[in-house]
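Thanks for coming. I will go through one model this morning, from the overall fold down to single side chains. Here it is on the screen.

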Amino acid sequence: MEKKKKNKDLVTIVCVIIGSLLCAVNINTFISAGGLFPGGFTGITVLIQRICDKFFHFEISYSIVNFSLNAIPAYIGFKTVGKKFTFYSCVMIVLTGLFVEILPMTNITEDVLLISVFGGILQGIALGIALRGNASSGGTDFIAMWISKKTNQPAWNFILGLNAIMLLIAGYLFGWDKALYSIIFQFCSTQIINIVHKRYKKMTVIIVTSNPDKLIKEIQISTHHGVTRLEGIGTYLGTPRTMLYTVVDSMEVKSLVNRIHALDETSFVNVTKTEYVEGRFYQTPIE
């Protein structure tokens, strides 16, 4: 158990480092070259930097602004989302700031549309890697995780809507073309995160088996989810069969199906996407 915990922490650290590096590279290449405004507190930080530079004629450190903005959301995350999740998210915030200061500014292309699309994809991959490692880039990610925890639904599209307010300010001050391209950037990023981050996505698993007792025990122990048992007759051979019905996290499906087939090679498993669940559903707590 202790070894498994250490391995999990190591995976989280690796994900945080990779996610931080990719975020910093994105800021110093695509975001900088395109004059874009990414989502969340990263976008607000960039907006404040550019306001200070254009209207007050002085440069302000990315790290100082970003650390200051994340102080209150980090406290909220620590109290409501998860202590370990918040700690690793803070580590990612610090590392991203350091990488931004260290890495050089580089222009890969002058095509703003390409910058918007591929910059958004890179941002989504970076945040997706962090989320898979049980961390985030902080800021609105803490808010999104809190909303998801309360509603048991993904909240990233909701965060996309909140970012519109920031883009209205950016568009008014720096030109609507940058704001509109930033919408493309944020949309691409959000969709990648929705694909990669599966914590709040659910799948319905229907199993037809001749060994229901073994499978019920395995499902309940490994996933902590309940199972509905229905008795029936297989019409092909006319033999008694049992159908088991359960809903699990999408991240649990692959390993669960493998364990089911290991216990009963003749079982028939049907997995379908679940759009919405009403009622008691066990959600693995965020640490």
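**Fold, helix contact and charged pairs**

Reading from the N terminus, the order of elements in the protein chain is α-α-α-α-α-α-α-α-β-α-β-β-α-β. That gives ten helices and four strands, where helices (H or I, at least four residues) and strands (E, at least two) are DSSP runs, numbered from the N terminus.

Some bookkeeping before the details. This is a predicted model: local features need pLDDT of at least 70, side-chain atom pairs count only at pLDDT 80 or more, and totals for chains, interfaces and linings use all residues. Residues are numbered from 1 along each chain as its sequence is written, and side-chain values use heavy atoms, with hydrogens and water left out.

The C-alpha trace of the protein chain spans about 80 × 40 × 30 Å along its principal axes. Of the 287 residues in the protein chain, 44% are buried. Buried means under 20% relative accessible area, exposed over 50%, and partly exposed in between, with a 1.4 Å probe and protein chains only.

Next, a helix pair. The axes of helix 5 (residues 112-132) and helix 8 come within 7 Å and cross at roughly 30°. The axes are lines fitted to C-alpha atoms, for helices over the stretch in contact, and angles run from 0 to 180 degrees between N-to-C directions. By class, the contact of helix 5 with helix 8 has 15 nonpolar, seven polar and one charged residues. Here Ala, Val, Leu, Ile, Met, Phe, Trp, Tyr, Cys and Pro count as nonpolar, Asp, Glu, Lys and Arg as charged, and the others, Gly among them, as polar.

L168, Y172, W176, L180 and I183 make a nonpolar patch of about 600 Å². Helix 7 (156-174) and helix 8 (176-196) are the elements that give two or more residues to that patch, and helix 8 gives the most, with three. Patch residues have over 30% relative accessible area and no salt bridge; like charges are joined within 9 Å, nonpolar side chains (Val, Leu, Ile, Met, Phe, Trp, Tyr) within 5 Å. Areas come from the Shrake-Rupley method with a 1.4 Å probe, and for residues only the protein chains shown count as cover. L168 sits in helix 7 and is exposed, at 52% relative accessible area.

Now the charged pairs. How many salt bridges are there? The count is four, a salt bridge being a side-chain nitrogen of Lys or Arg within 4 Å of a carboxyl oxygen of Asp or Glu. One of them joins D9 to K84, with the closest N and O atoms 3.4 Å apart. This pair links distant parts of the chain, D9 in helix 1 (residues 2-34) and K84 in helix 4, 75 residues apart. Their C-alpha atoms are separated by 9.6 Å. K84 is partly exposed, at 23% relative accessible area.

D213 forms a salt bridge with R229, the closest N and O atoms being 2.9 Å apart. D213 lies in helix 9 and R229 in strand 2, so this pair ties together parts 16 residues apart in sequence. R229 also bridges to E231, at 2.7 Å between the closest N and O atoms. D213 is exposed at 55%, E231 is exposed at 55%, and R229 is partly exposed at 40% relative accessibility.

Last, the backbone. N134, in the loop between helix 5 and helix 6 (140-151), has phi near 65°, a positive value in a residue other than glycine. N134 is buried, at 18% relative accessible area.
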